[in-house]
Amino acid sequence: MQRNHSACSDRPKILLVFISCLMFPFGAMAKVKATLVCAGLFLCSTVLAIVEELDDTFKDTRVDDVWLVDFYAPWCGYCKKLEPIWYDVGAELKSSGSPVRVGKMDGTAYSGMSSEFGVRGYPTIKLLKGDLAYNYKGPRTKDDIVEFANRVAGPAVRALPSKQMFDHMMKRHDVLFVYFGGESPLKEKYIDMAAELIVYTYFFSASEDVLPESVTLPELPSVVVFKDGAYFTYDEYVDGGLSSWVNKERFQSYLQIDGFTLYELGETGKLVAIAVIDEKDPTEESGRLKTLIQRVAKEYREHFNRDFQFGHMDGNDYINSLIMGEVSVPSIIILNTSNEQYFLPSEPVETLEQLVHFINSVLDGSAQAQGGDGMFQRVKRVAFDAKSTIMSVFRSSPVLGCFLFGLPLGVISLMCYGICTAESDDGQEDMELMKREDDEEEDEEEDEPRQASGELEGPEEDGENEEEEEQEKNPDDKKAD
């Protein structure tokens, strides 16, 4: 009995230990949940710290810092697509120690601020540096936006103090502008130009000592661009204004072209010669046309560099939407983005001489221009854009497309049917009324002669009626008579 009693007395202790063991995981889970909640709050606070939501007080405080601001609209689909990228940009600039502060502003809620900064659409990305505002027009990727912010936020002209730094920048940049020499009026123009065009590329200054032995300058000071494995010196008498020369030289002679690049090329004032190819399904013809364009860009630089930019584009979708037509793949087309004209060769281009002849014909005006920005083309553009929008809506969501366009068309059809039906009913009623009036007039005309004949025959009828009345008298009355 004693043994059993001790066993019974240990049961509550064992039970308590068992319950505590069962409760331990739940307590640990609660601690984990609390930790996750704290971590989430910390991350939220970090996100809010790297991207600040701005309001109308931003106008008075922005001058003290360099700001990268995204002007957005809550209903804008492109703005929603940019939002996660924008937080990545803020995190990247914050972690790298950049002085650029990242913010976002609801342009619809603060329309006055948006108008003051020249916002015309959403999303709009601007870097605000002192009293200057720089527009970002490149691809909306994290790396491109971060590179833009770091470039514009720094000095307009960066120094290259050594050959090692010069060689490093040569390897890093495909196109490199450098001013060589001391203080001069040319350097002042160079600094002013750099402050304007820093949104496109970097600008450097150096002494003649950092130049490699293979580079020989005709005079100092000089502005030199290094690209395409060569270097070219600015000549004020031949090239005109420095800003215009830099704007035309800021691209490689030959490059792959997409929508963003073509938009920027339009600002150079050059015609764009493009080999339209399909890189996913390369053919011998595509490779041949691409090689011909590359050879012209390199071998005929002195003849065409001032007026033409060369490159290739993968696929014809963008070109087709631009010219509102169909370009075969592969093919060659020359675009004038300033007036929306384009040129197509009149015959297949087989050799380098044929391509050069075609480019010269565009240059001297003998080639036939198509497209343009006239009134007819503008109307055609409106119709083309409307058709493209409708087709894209139906491709992405057929049900939504039927609702958006089918419902209004149905309402309009019912309205037209009602109007046409109402007009026909009114016309029928008018016809019936006119017919009824004609019948009444005919009846009146028929009644008039009857009345006239009735007046003439009236006395005889009265006499006959009297005779009939006399005949109807009683025989007694006759006897009395």
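Figure A. The model shown is predicted, so local features require pLDDT of at least 70 and side-chain atom pairs count only at pLDDT 80 or more, whereas totals for chains, interfaces and linings use all residues. Residues are numbered from 1 along each chain as its sequence is written, and side-chain values use heavy atoms, with hydrogens and water left out. Helices (H or I, at least four residues) and strands (E, at least two) are DSSP runs numbered from the N terminus. E340 is not a glycine, yet its phi is positive, near 65°. Its relative accessible area of 47% makes E340 partly exposed; buried denotes under 20%, exposed over 50%, and partly exposed the range in between (1.4 Å probe, protein chains only).

**Figure B. The largest cavity, with E340 among its lining residues.** A cavity is a set of points, on a 1 Å grid over the protein atoms alone, where a 1.4 Å probe fits but cannot get out; a pocket is an open set with protein on both sides within 12 Å along at least five of seven lines; and lining residues have an atom within 4 Å of a point. Grid points are joined across faces, edges and corners, and a volume is the space filled by probe spheres set on the points. The count comes to 1 cavity of 30 Å³ or more, and the largest cavity holds about 60 Å³ of space. Besides E340, its lining consists of L322, I323, M324, G371, G372, Q377, R378 and R381. Two or more residues of this lining come from each of helix 13 (317-323) and helix 15 (375-396), and helix 15 gives the most, with 3 residues. The lining divides into 3 nonpolar, 3 polar and 3 charged residues. Here Ala, Val, Leu, Ile, Met, Phe, Trp, Tyr, Cys and Pro count as nonpolar, Asp, Glu, Lys and Arg as charged, and the others, Gly among them, as polar.

**Figure C. The largest pocket and its lining.** About 970 Å³ of space lies in this pocket. The lining comprises 29 residues, and E147, R151, Y200, T201 and E264 lie nearest the pocket centre. Strand 5 (132-135), helix 5 (142-153), strand 11 (254-256) and helix 10 (259-266) each give two or more residues to the lining. Helix 5 gives the most, with 4 residues. By class, the lining holds 12 nonpolar, 7 polar and 10 charged residues.

**Figure D. The salt bridge between E147 and R151.** A salt bridge is a side-chain nitrogen of Lys or Arg within 4 Å of a carboxyl oxygen of Asp or Glu; the structure holds 17 of them. The closest N and O atoms of E147 and R151 are 2.5 Å apart. Both residues lie in helix 5, 4 residues apart, which is about one turn of the helix. E147 is partly exposed at 31% relative accessible area, whereas R151 is buried at 5%.

Figure E. R306 lies in the loop between helix 12 (301-304) and strand 13 (308-314) and D239 in helix 8 (residues 236-239), so the pair ties together parts that are 67 residues apart in sequence. R306 is partly exposed at 42% relative accessibility. In helix 11 (residues 284-299), R295 and E299 are 4 residues apart, about one helical turn, and their side chains meet in a salt bridge at 3.1 Å, N to O. Both partners are partly exposed, R295 at 36% and E299 at 47%. K137, R250, E264 and E267 form a network of salt bridges, and E264 is also one of the residues nearest the centre of the largest pocket.

**Figure F. Backbone features at P221, P330 and D228.** The L220 to P221 peptide bond is cis, with omega near 0°, and P221 lies in the loop between strand 8 (203-206) and strand 9 (222-227). The bond from V329 to P330 is likewise cis, with omega near 0°; P330 belongs to the loop between helix 13 and strand 14 (331-336). D228, although not a glycine, has a positive phi of about 55°. D228 is located in the loop between strand 9 and strand 10 (230-233) and is partly exposed at 37% relative accessible area.
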